[in-house]
Amino acid sequence: MKRKDILGIKDLTRAEINEILSTANVMRDMIDRGEKSSALRGKSVTTLFYENSTRTRNSFETAAKNLGASTNSITVSTSSVQKGESLVDTGRTLDALKTDVIVIRHSVAGSSKLLAETVNASVINAGDGMNEHPSQALLDGLTAKRHFGNVDGKKVVIVGDIKHSRVARSDAILFGMLGASVTVCAPYSLLPCGIDGLGCDVETDFDKAIHGANIVIPLRVQRERMDGAYFSTQEEYHEYYGVTQKRLELCSDDCIVMHPGPINRGSEISGDVADGINSMIVEQVTNGVAVRMAMLDLLVNGDNRL
């Protein structure tokens, strides 16, 4: 890989996506064997999170440590940001500390791009506003490919809070580039304008959308990003848009269910589906570490890979 940063799926070529997924496959096998690497020995990775996170931050830090890198976690609530320091100045400080990779999560779309243009370090976007979440899409792609072998021609249905979801955008782009057909489904109030511009089909009837699906990805309702009422009650939402065992009967026999987390049982997904044989949610967590190991290794070492 010859690029400095990974800011979005839309910026990557299909060849680059396949390179990341192929490398992540090697990393996953290494994890399963209980092995670690020294590929990033002497390098430093900083997680800079302006939004709360458990899975993504821990996954990146675990990935960095598995490759032998030193890690530094900046908690914005206790950093100089609270004293008025700008993102640019924070980036310059990290550059002065000779940080090799900065993993950033921010509530404002485009923040990772601004940081990348400011610093010499490589920048990985771990979610910027309602824009993109590339590492989540890549781990979803890895999970699907490890299960099916190939996702070309598969039907992917993403259901839920499409309007506020950066995962929906990144997943729609990635699975489309891998040859799958993608349908996004939500009530009208949770469908953003122009979503069909990502090359996906748009549907409001979930029972219609899910018919014959190979991959179903329910999304959490992001109440923290909402400034009003988008549906009446959680019970009604679950009735019309929840992924349940009954609805899975409409899918392909080989259907799998993925979720970016955190899950809300009884809202976008029922508990029996989350814990059932179709669920790949736990598998996604391990694949997330593998994908992030691949991203770090490819950005820092380029062609000098494992």
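In this predicted model, helix H1 (residues 14-32) packs against helix H5 (residues 134-148) at an angle of about 70 degrees, and their axes lie 10 Å apart. Angles of 65 to 115 degrees count as roughly perpendicular, and H1 and H5 are therefore roughly perpendicular to each other.

**Contact of H1 with H5**
- On the H1 side, the residues that meet H5 are Ile17, Asn18, Ile20, Leu21, Ala24, Asn25, Arg28, Asp29 and Asp32, while H5 contributes Leu138, Gly141, Leu142, Lys145 and Arg146.

**Helix H5**
- Helix H5 has 15 residues and spans 21 Å from its first C-alpha to its last, which is close to the 21 Å expected at 1.5 Å a residue.
- Most of H5 is covered, with twelve of its 15 residues buried; among them are Pro134, Leu138, Gly141, Leu142 and Phe148.
- Glycine 149 follows H5, and the phi of this glycine is positive, near 90 degrees.

**Serine 279**
- Serine 279 is placed in the loop between helix H10 (271-274) and helix H11 (281-301).
- Buried means under 20% relative accessible area, so serine 279, at 17% relative accessibility, counts as buried.
- A polar atom of the serine 279 side chain lies 2.8 Å from the backbone oxygen of alanine 274.
- When neighbours within four places in sequence are left aside, serine 279 is in contact with Val257, Val273 and Ala274.

Key:
Residues numbered from 1 in each chain as written. Predicted model: local features only at pLDDT ≥ 70, side-chain atom pairs only at ≥ 80, totals over all residues. Heavy atoms only, no water. Axes fitted to C-alpha atoms, helices over the stretch in contact; angles between N-to-C directions. Helix = DSSP H or I, 4+ residues; strand = E, 2+ residues; numbered from the N terminus. Parallel < 35°, antiparallel > 145°, perpendicular 65-115°, else oblique. Contact = heavy atoms within 4.5 Å. Expected span 1.5 Å × (residues − 1). Buried < 20%, exposed > 50% of the residue type's maximum accessible area, 1.4 Å probe, protein only. Polar contact = N/O pair within 3.5 Å; in protein donor to acceptor, adjacent residues only side chain to side chain.
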